[in-house]
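These are notes for a colleague who has not looked at this structure before. The points are numbered and can be read in order.

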Number of protein chains: 2
Amino acid sequence: MTKQELIEQIRKKKSFLCIGLDSDITKIPKHLLADDDPVFSFNKQLIDATNDIAVAYKPNTAFYESRGIKGWESLQKTIDYLNNLQNPVFTIADAKRGDIGNTSTQYAKAFFEELNFDSVTVAPYMGSDSVLPFLDFEGKWAIVLALTSNQGAFDFQFLQDEENKEKLFETVLKTTKSWGSEENIMFVVGATKAEMLRQVRKYIPNHFLLVPGVGTQGGSLQEVAKYGMNEDIGLLVNSSRGIIFASDGKDFAEKAREEALKLQQQMAKLIG
Amino acid sequence: MTKQELIEQIRKKKSFLCIGLDSDITKIPKHLLADDDPVFSFNKQLIDATNDIAVAYKPNTAFYESRGIKGWESLQKTIDYLNNLQNPVFTIADAKRGDIGNTSTQYAKAFFEELNFDSVTVAPYMGSDSVLPFLDFEGKWAIVLALTSNQGAFDFQFLQDEENKEKLFETVLKTTKSWGSEENIMFVVGATKAEMLRQVRKYIPNHFLLVPGVGTQGGSLQEVAKYGMNEDIGLLVNSSRGIIFASDGKDFAEKAREEALKLQQQMAKLIG
């Protein structure tokens with residue numbers, strides 16, 4: 001999906017909601033466990049219940065890999081299902097990969113060719129040749145970690161460089177944006193540090209941001225929009241557990257929709 | 001495998017060689033493609049030919065993921081085979097994972113429980129809660145990226161912190177070592193920057209290091225040993241392509257053994 005197509009979907013659905021499919025098999029409703037592929041059943045019903053109000057879905061690969069081959073099968077079915085919806089959605093493999101060049105190319109093949117995601121999250125620690133291979137795939141995106149939503153973000157991401165007087169996450173923004181364009185790079189900036197979005201926007205006024213941390217992690221949608229929104233909206237705000245585990249009963253998809261709708265209605269107002 | 005057991009294997013085999021199973025299906029000998037699982041056939045023959053002179057094996061997960069479910073099956077068979085050798089070997093999932101706490105726990109389950117590797121490589125960018133979950137598994141190891149072997153390492157890993165006057169990789173070493181012990185944390189330090197090993201050893205004199213970059217990437221074994229070896233040897237030096245793709249004919253395993261033996265014989269002298 002191109003940037004322009006994504007913006008069109010956001011305007012059409014009046015939503016910049018991304019739903020995180022952190023589909024932990026130990027937390028999904030028990031009645032699904034009798035199904036052939038419980039995790040795919042769970043995802044499918046969630047997707048059916050929300051794809052008119054969500055613009056993006058983000059399976060978190062860890063929750064699939066932890067189940068080995070069965071998990072990989074659930075992931076494959078989920079992305080195939082997402083790619084065949086009548087309402088087009090932007091798909092994110094939340095995989096946080098990154099390695100030397102020839103290896104990153106293999107990861108890019110895994111997520112862009114084998115699984116056909118629109119985008120994959122990428123860790124920047126190893127620098128240019130770990131990110132560049134993800135940018136060689138036409139119509140695909142690298143979503144690079146800049147400022148993450150967790151407490152551990154304070155360990156390294158705020159270290160201030162002696163020479164250019166910038167924090168590590170600022171240097172990551174400034175350096176990484178030069179490797180690609182607004183059409184193939186997005187950045188992860190956590191909602192739990194919403195006030196930092198103003199600073200982030202100084203470096204990348206026009207890039208899309210993937211913003212996790214609203215909901216269970218405590219981030220505020222209003223603050224994210226206040227500091228992070230741009231003319232193209234420029235935001236994909238993710239909620240995972242707050243939506244997908246809203247109920248552990250047979251009404252889980254209905255309750256998930258209710259939670260998604262609350263966010264989408266706030267988003268519609270913020271889009272204006 | 002515990003630190004003590006690893007040291008015993010190194011002393012017994014007179015080797016600190018790790019063989020990287022970057023088993024790219026497009027590069028393995030063509031005659032294997034008729035096999036049921038060509039990549040596993042390739043790995044099995046390499047492992048059979050070298051496990052008396054290598055102490056560790058490091059499948060690089062990207063080369064398996066890029067083949068989807070089939071790749072995951074090859075990886076599963078490979079680790080099962082490694083775990084049932086008569087000569088015990090240390091196993092490394094070179095996966096470079098790292099995410100918020102509940103997600104890192106899932107990655108740890110994937111590699112320590114579902115696949116039963118001894119260790120997994122971890123990217124430090126997201127800080128403590130992205131690394132700590134890997135340290136909660138008895139007898140398992142996190143191998144944290146500090147100074148990588150690629151050109152992109154210069155983008156961020158050498159940024160000097162204004163406050164403590166340390167480079168990012170030094171801060172990663174100093175900070176991360178406090179999260180665990182010499183019994184459950186190792187660090188990645190690239191052989192292409194061997195002279196930096198002296199500096200690395202100031203921060204972590206006793207930890208084991210995983211050192212990629214010897215061979216195709218150009219690092220020198222002698223320099224790595226000169227600057228990085230400690231009383232316990234303290235090194236796992238990896239070679240991937242230089243060994244596993246030494247020949248693309250039916251003699252590939254034999255040629256791989258010859259290349260591995262060259263390194264092992266140098267290592268035996270360095271161990272003394």
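1. Strand β3 (residues 90-97) of chain B is largely enclosed by the rest of the structure, because 8 of its 8 residues are buried. A residue counts as buried if 20 or more other C-beta atoms lie within 10 Å of its own, as exposed if 12 or fewer do, and as partly exposed in between, with C-beta atoms placed from the backbone. The cover is on both faces of β3(B): B:Phe90, B:Ile92, B:Asp94 and B:Lys96 are buried on one side, and B:Thr91, B:Ala93, B:Ala95 and B:Arg97 on the other. Helices and strands here are DSSP runs numbered from the N terminus, helices being H or I of at least four residues and strands E of at least two.

2. On the basis of the model: it is predicted, so local features need pLDDT of at least 70 and side-chain atom pairs count only at pLDDT 80 or more, while totals for chains, interfaces and linings use all residues. Residues are numbered from 1 along each chain as its sequence is written, and chains are lettered from A and ligands numbered from 1 in the order in which they are written.

3. Which strands flank β3(B)? Strand β2 (residues 56-59) of chain B runs parallel to β3(B) and is joined to it by 2 bridges; B:Ala56 has B:Phe90 as its bridge partner there. Strand β4 (residues 119-122) of chain B is also parallel to β3(B), with 3 bridges between them, and B:Ile92 is partnered by B:Ser119. From β3(B) the chain passes through helix α5 (residues 101-114) of chain B to β4(B) in a right-handed β-α-β crossover. Right-handed means that, with the strands pointing away from the viewer, the path from the first strand over the helix to the second runs clockwise.

4. The strands of chain B form a closed barrel of 8, in the order β1-β2-β3-β4-β5-β6-β7-β8, with parallel pairing. Two strands pair if DSSP finds at least two bridges between them. Neighbouring strands of this sheet are turned by 30° against each other on average, direction ignored. Strand β1 (residues 17-21) of chain B is joined to β2(B) by 4 bridges, again parallel, and B:Leu21 is the bridge partner of B:Pro59 in β2(B). Helix α12 (residues 252-271) of chain B packs on the sheet, touching β1 and β8 (235-239) of chain B, and its direction makes about 155° with that of β1(B). Axes are lines fitted to C-alpha atoms, for helices over the stretch in contact, and angles run from 0 to 180 degrees between N-to-C directions.

5. Chain A also has a closed barrel of 8 strands, β1-β2-β3-β4-β5-β6-β7-β8, with parallel pairing. In chain A, strand β6 (residues 185-189) and strand β7 (residues 209-211) run parallel and share 2 bridges, with A:Phe187 opposite A:Leu209. Helix α8 (residues 168-177) of chain A packs on the sheet and touches β5 (141-147) and β6 of chain A, at about 155° to the direction of β5(A).

6. How are the two chains related? A rotation of 180° with 0.0 Å of shift along its axis superposes chain B on chain A, with an RMSD of 0.0 Å; that is the relation of a two-fold axis. The superposition is by least squares on the C-alpha atoms of residues with pLDDT of at least 70 in both copies. Of the residues of chain B, B:Glu162 comes closest to the axis, at 2.0 Å (C-alpha).

7. The contact takes 50 residues from chain B and 51 residues from chain A, where contact means C-beta atoms, placed from the backbone, within 7 Å. The largest share of the side of chain B that touches chain A comes from α5(B), with 7 residues. By class, that side of chain B has 18 nonpolar, 19 polar and 13 charged residues. Ala, Val, Leu, Ile, Met, Phe, Trp, Tyr, Cys and Pro count as nonpolar, Asp, Glu, Lys and Arg as charged, and the others, Gly among them, as polar.

8. B:Asn116 is in the loop between α5 and β4 of chain B and is partly exposed, with 15 other C-beta atoms within 10 Å. B:Lys165 is in the loop between α7 and α8 of chain B and is exposed, with 9 such atoms within 10 Å.

Key: Contact = placed C-beta atoms within 7 Å.
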